[in-house]
Amino acid sequence: MTNNNNYDKQAFEEAFDEVHMKFILNLPDEELASSDRIFFQLEQAWWFYDDFICDANTATAKKLPRFKHMKPFSLAMFNFSPLLQPMLDEFDTMYAEFSKYKRSISTYGTILLNAEGTKIALCRNWKGKSWTLPGGKVNQNESGKDAAARETYEETGFDPDSEKGVCFEWRERRERGEIVEELLLLNNNNDDYFQEDEEELLPWKSLQDGDKLVYTEKDTNKRRTCYVCRGVPENFPFEPVARKEVAEVAFYDFNSLPKNNYGLMPFIGQLKRWIKRDNKKSGIKNREESRAGSRSKNNQTPSKQHNETSSPTRKGSAPRQGGSTGKQRDRSRGKNNTSRSGSRGREVHEGNKLIESGLASPGETDRWTEEDMFATNEKILGKKYTYDGNPHD
């Protein structure tokens with residue numbers, strides 16, 4: 001309890017009586033016999049007391065004592081409730097058992113990714129500095145997947161199943177054929193991502209069993225499950241629905257995750273593997289491939305120039321023959337089963353062995369490609385040869 005010795009005792013008793021009636025008085029006998037069930041009810045009672053009674057904008061509410069933690073609130077309710085008073089001597093033992101059990105309960109959440117798969121949405125806990133993934137415990141008669149979607153909506157305002165809030169509104173507008181400006185283009189740097197004229201109503205799918213990642217904590221055997229939801233707009237108006245659980249929701253780049261985080265890092269390795277598989281399935285380049293491709297474009301020689309000195313190079317590096325970069329040479333040597341079909345040499349002069357062998361004429365710049373060579377060999381030998389670019393096979 002807060003250090004407020006001036007609280008109104010009558011108002012406090014009235015408030016506790018209301019909470020007791022809502023959460024404790026009508027508990028079935030089988031639940032009163034379970035310390036876990038009792039304390040789960042007390043947790044709900046504590047939230048209700050703090051969120052709806054103490055936060056009420058009334059003169060009486062300002063005179064009520066606050067409880068910073070669940071344990072002192074629970075002890076006060078044990079002293080207040082005629083149903084719980086007989087178990088008062090066992091309070092410390094019961095609370096310790098509940099705390100141990102709660103730490104081992106499996107949780108379900110969601111990994112919200114942007115369309116490019118380079119950023120992840122994280123939640124900062126209420127009045128804290130730590131960041132984590134949205135998620136929580138399963139309610140009674142609720143599946144893990146449903147719990148993940150519900151917890152995500154409660155903590156971020158984003159509903160992966162598009163049945164609540166802004167997501168539901170966007171889906172309805174799309175079903176009516178309306179334009180949702182926020183979804184016109186999720187990533188301005190890449191036209192491959194969802195645009196308004198695509199067949200899919202929304203750029204993300206509802207949670208799928210095949211997209212879940214799992215890890216188990218060694219010390220508690222607590223199982224954490226997160227479903228990956230890709231395609232969340234970076235401009236989505238995140239706003240927690242549940243009171244006093246999450247202070248802020250924000251996207252973080254994988255290369256600059258907040259140092260103060262929990263329950264996040266055990267997922268990162270398998271998440272990156274999931275993204276690579278999904279990129280491959282969707283035909284989207286990984287970040288590293290995109291950067292390499294961008295560098296290759298910047299380093300390519302204009303198509304009509306064959307002078308090796310005209311190739312742009314990095315500062316301090318020697319000119320590359322033919323203007324090809326290391327990445328380009330790797331691709332031309334057979335990686336991904338590509339060939340040197342687009343490579344061309346320098347101008348051929350008299351005395352060159354290509355001219356002597358009849359494979360080129362003086363002044364030509366277009367040498368034989370591998371396709372030309374294999375086609376000729378096939379005609380001469382009557383047998384088809386293939387080569388994947390690996391000289392060691």
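Tutor: Buried means under 20% relative accessible area, exposed over 50%, and partly exposed in between. Keep that in mind as we read this predicted model.

Student: Thanks! Which class does Lys244 fall into, then?

Tutor: Lys244 has 26% relative accessibility, so this residue counts as partly exposed.

Student: And which residue does Lys244 pair with in a salt bridge?

Tutor: A salt bridge here needs a side-chain nitrogen of Lys or Arg within 4 Å of a carboxyl oxygen of Asp or Glu. Lys244 pairs with Asp50, with 2.8 Å between the closest N and O atoms. The two partners are 194 residues apart: Lys244 sits in the loop between strand 6 (223-230) and strand 7 (246-253), and Asp50 in helix 3. Asp50 is buried, because its relative accessible area is 15%.

Student: Where do Arg171 and Glu175 lie?

Tutor: Both belong to helix 7 (residues 165-175), four residues apart, about one turn of the helix. Elsewhere, salt bridges with shared partners connect Asp50, Asp51, Asp55, Arg66, Arg243 and Lys244 into one network.

Student: Good. Now, how should I read two packed helices?

Tutor: They are described by the angle between their axes and the distance between the axes. For helix 3 (residues 35-53) and helix 4 (residues 70-80), the axes come within 10 Å and cross at roughly 105°. That makes the two helices roughly perpendicular.

Student: Which residues of helix 3 and helix 4 meet?

Tutor: On the helix 3 side they include Phe39, Leu42 and Trp46, and on the helix 4 side they include Phe73 and Met77.

Conventions: Residues numbered from 1 in each chain as written. Predicted model: local features only at pLDDT ≥ 70, side-chain atom pairs only at ≥ 80, totals over all residues. Heavy atoms only, no water. Axes fitted to C-alpha atoms, helices over the stretch in contact; angles between N-to-C directions. Parallel < 35°, antiparallel > 145°, perpendicular 65-115°, else oblique. Contact = heavy atoms within 4.5 Å. Buried < 20%, exposed > 50% of the residue type's maximum accessible area, 1.4 Å probe, protein only.
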